[in-house]
Structures are given as C-alpha cells and as structure tokens.
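Colleague: I'd like to learn how to read a model like this one. Could you walk me through it, one feature at a time?

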Amino acid sequence: QAIQLTREVEMYQWVESSTEHCEKDSTGGGKTCTTDYSYTERYSAAHEKASNPDVPSEKRNPETRWAYESKALAAEKLHVGALELPARLITNLIAAAPKYSVDANATQICKEDRGDGSGDCKWRAGSGVLTKQDEPSSDTIGDLRVSFREARTDSASVVAVQMGGSFKPFRRKQYECFLVEAGMSDATEMIDKAEDANVLTLYLLRVAGFVLMWVGLFLVLSPCTLLADLLPYVGRYISSGLDLGIAMLAFVVAALLSLITIAIAFLAARPLMSVILFSVAALLGVGMAYSIRAFHNSKVLDPFVKDAADGLSKVAGDYMPARQEAPGKHLRAGHPAADALRTSEGVTIDTGGV
C-alpha cells in the first residue's frame, strides 16, 4: 500500500553557474577577484534566479507563478496489526520504504488546464511524466514537467515498547531504541544496523570537528601573512610560503586539540582509551615542540632573512633620494637605485622601470 505520494514539478529554465578567480595584489595583501558566469538550459524543480546583475534579458527566467507546485501527501495514520504507529515512526518508515514511479494521465490535468473545456490541451503524457510544452517538438524556456512517485510497503517491522494501542521508545540509561523498517526484518539485525549507523555518524562528527578546528586556527593565524604582503617585490612569494607553513602548523595543533577533546569525553565511559589518547597527544605535543626547537637552532632562515633585510635597506636608501631628485618619475635601468636593486641577491627587476 502507498504511504506517501509525491508530486515533483520542474520548469525548463536558464540555470546559472559561476566561477571566481582571485589573484593576490603585488603589494598590500589584498586580492583582485573576477567572476565568470555561464548559463545552461535544463529542467529544475527550484525557482532559478540569476545572481549576476548584468544577466542578459534573453537569459532571464519567467517571473510568472507556476501553475502547479511540488507537494508531498503522506498518510496521517498507519497501523501495524492493531497498533498505531506514532508520527516519528511514520516519518522514518516513509524514508525507508521503496519508491516507485506512478504512471501519469493527462486527461484530468487537461480538464483543469482548459477550464471551460475548449481549446487544445498542451499537456502530454509520456515516460511516466506529464509535460506542458509550447512547442511539442522541443523544450523551450517556461515548459513544465510533472512526475509522481509513491512510497509503498505492505508490511513493517518495529523495535519499540508497546504502550496501550501504540508504541513508545525503549530507554535504558542514556540509550534509546525506537526503530522501524519496511518489510519483515529480524530485531537483532535492525539493532546491529542502528549501532553501525551511530558509529559512522560518530566518526563523521569527529572528522568534521577536526576540520572545523583546523580551518578556524588557520583563519586566526592567516593575518600574519599580511605583513609579508607589505614587502615590495618578494612579498607575494614569501606570503605563499607562510600560508603553507601556517596550514601545516594549524593541522598539527588541531590534531593535538582534537585528541585531547576526545580523550576528555572518554574519561567516564572508556578510561583506558582516554589514557591512550592522552598519551598520543602528549607524544605529538613533545614531537612538535622538539621539531620547532630543532628548526630554530638550525638557523636555516638566517641567511635568507639577512640578505632580504640588507637588500631592502639598500633599496630604501637609494630609492628615496632618487624620488626626491625626480618626483613623479619612475626609475629606469641604469639609474643607481636600479643598479642597487639588480645587485641585491634574490631580487629581480624589469628593465622597463621600477
């Protein structure tokens, strides 16, 4: 028997898609972004609206109200034997029941569409759908398509506690069991499936928490790259390296904090697992601290920092007097300041000017 009937209405529309491209500015740490828009024709159940303020008029969708809207009609009362299913189990049963297409007939909808019964009906039935087309040979913007699907099952299996003429959840401590499936199923199998689903949800939430913490730490630390963006000529390259370094640092810190959070949650229920996670977090923290200290003592960045500082100081010393001598003019190749730029290690200039 059908327990839900769904009507899906789609209109043939222009569907907008956009792609954004961003490039870092040479100085200042800002970004310059451009957005490219493209449009395709297809059936869509949503009212597609263009976000592009300059969308061409020929690619705008009709603003008229649809003759029909998508709708779902569900059974208000269902019984398993003599017992009535509560609303929560009805919703879960509809979601679990198999869905089937329903053959559509254009006779009734043509009567409603024509009203007085005169004129030609533009609705056509075929392949399980009803289609209203201005041009029967091809789809045009504004055409409607209606399809029907039903959720159907002849039996259901319930794991719950009987209460009077209905069911209520079985509760034990912090656990709750209130399950329903379409068809005949074994209670043990249903409980095992529910436990597997809970475990999967648990791990997905942990991964999501780790990712959110990683992104949050990266966003908090990312303003540090703005200082590098302020450096002329080489700032954008240094900024890219800093972005990678900050992402790696945020990843390690997020992993450390996630392990500590999960270990605290396990203290009461699984103390042994909590101790193991605390130990792993401690090892990770010690390893991170040792790596940072070893990297600092290696002084790998000292030559680069010294050369960059010397080069920038020399450029500032030569460039400012030259700007005072010829205000409003660009430095050209051959000028003392340009020669200073060229001789600065790790810095290149365009011979067209600085």
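Colleague: Let's start with the largest pocket: which element gives the most to its lining?

Modeller: Keep in mind that this is a predicted model. For a pocket, look at which elements supply the lining. Here helix H3 gives the most, with five residues. H3 spans 187-221, and strands E13 (170-172) and E14 (175-177) also each supply at least two lining residues.

Colleague: How much space lies in that pocket, and which residues are closest to its centre?

Modeller: The space comes to about 530 Å³. There are 14 lining residues, and Tyr175, Glu176, Ile191, Glu195 and Asn198 are the closest to the centre. By type, the lining divides into eight nonpolar, four charged and two polar residues.

Colleague: Now helices. Which residues of H1 are buried?

Modeller: The idea is to check where the buried residues point. In H1, residues 87-96, the buried ones are Leu89, Ile90, Leu93 and Ile94. Looking down the axis of H1, they fall within an arc of 140 degrees, so they line one face of the helix. Thr91 and Ala95, on the other side of H1, are exposed.

Colleague: What about single residues? Why does Thr131 count as buried?

Modeller: You compare the relative accessibility with a cut-off, and buried means under 20%. Thr131 has 13% relative accessibility, so it counts as buried. Thr131 sits in strand E8, residues 129-132. Setting aside neighbours within four places in sequence, Thr131 is in contact with Tyr43, Lys122, Trp123, Arg124, Leu144 and Arg145.

Colleague: And Ser44: is this residue buried or exposed?

Modeller: Ser44 is buried, because its relative accessible area is 7%. You'll find Ser44 in strand E2, residues 31-44. With residues up to four places away in sequence left out, Ser44 touches Glu10, Met11, Gln13 and Trp66. Take Glu10: Ser44 and Glu10 are 34 residues apart along the chain, and their C-alpha atoms are separated by 5.0 Å.

Colleague: Zooming out, how many helices and strands does the protein chain have?

Modeller: The count is eight helices and 15 strands. Of the 354 residues in the chain, 25% are buried. The chain exposes about 23700 Å², and carbon and sulfur atoms supply 58% of that area.

Colleague: One last thing: among contacts between residues at least 6 apart in sequence, what share joins residues at least 24 apart?

Modeller: That share is 60% in this protein chain.

Key. Residues numbered from 1 in each chain as written. Predicted model: local features only at pLDDT ≥ 70, side-chain atom pairs only at ≥ 80, totals over all residues. Heavy atoms only, no water. Buried < 20%, exposed > 50% of the residue type's maximum accessible area, 1.4 Å probe, protein only. Helix = DSSP H or I, 4+ residues; strand = E, 2+ residues; numbered from the N terminus. Arc of directions from axis to C-beta. 1 Å grid on protein atoms, 1.4 Å probe; cavity = no way out; pocket = protein on both sides within 12 Å on 5 of 7 lines; lining within 4 Å. Points joined across faces, edges and corners; volume = space filled by probe spheres on them. Nonpolar A, V, L, I, M, F, W, Y, C, P; charged D, E, K, R; others polar. Contact = heavy atoms within 4.5 Å. Areas by Shrake-Rupley, 256 points an atom, 1.4 Å probe, with all protein chains shown as cover.
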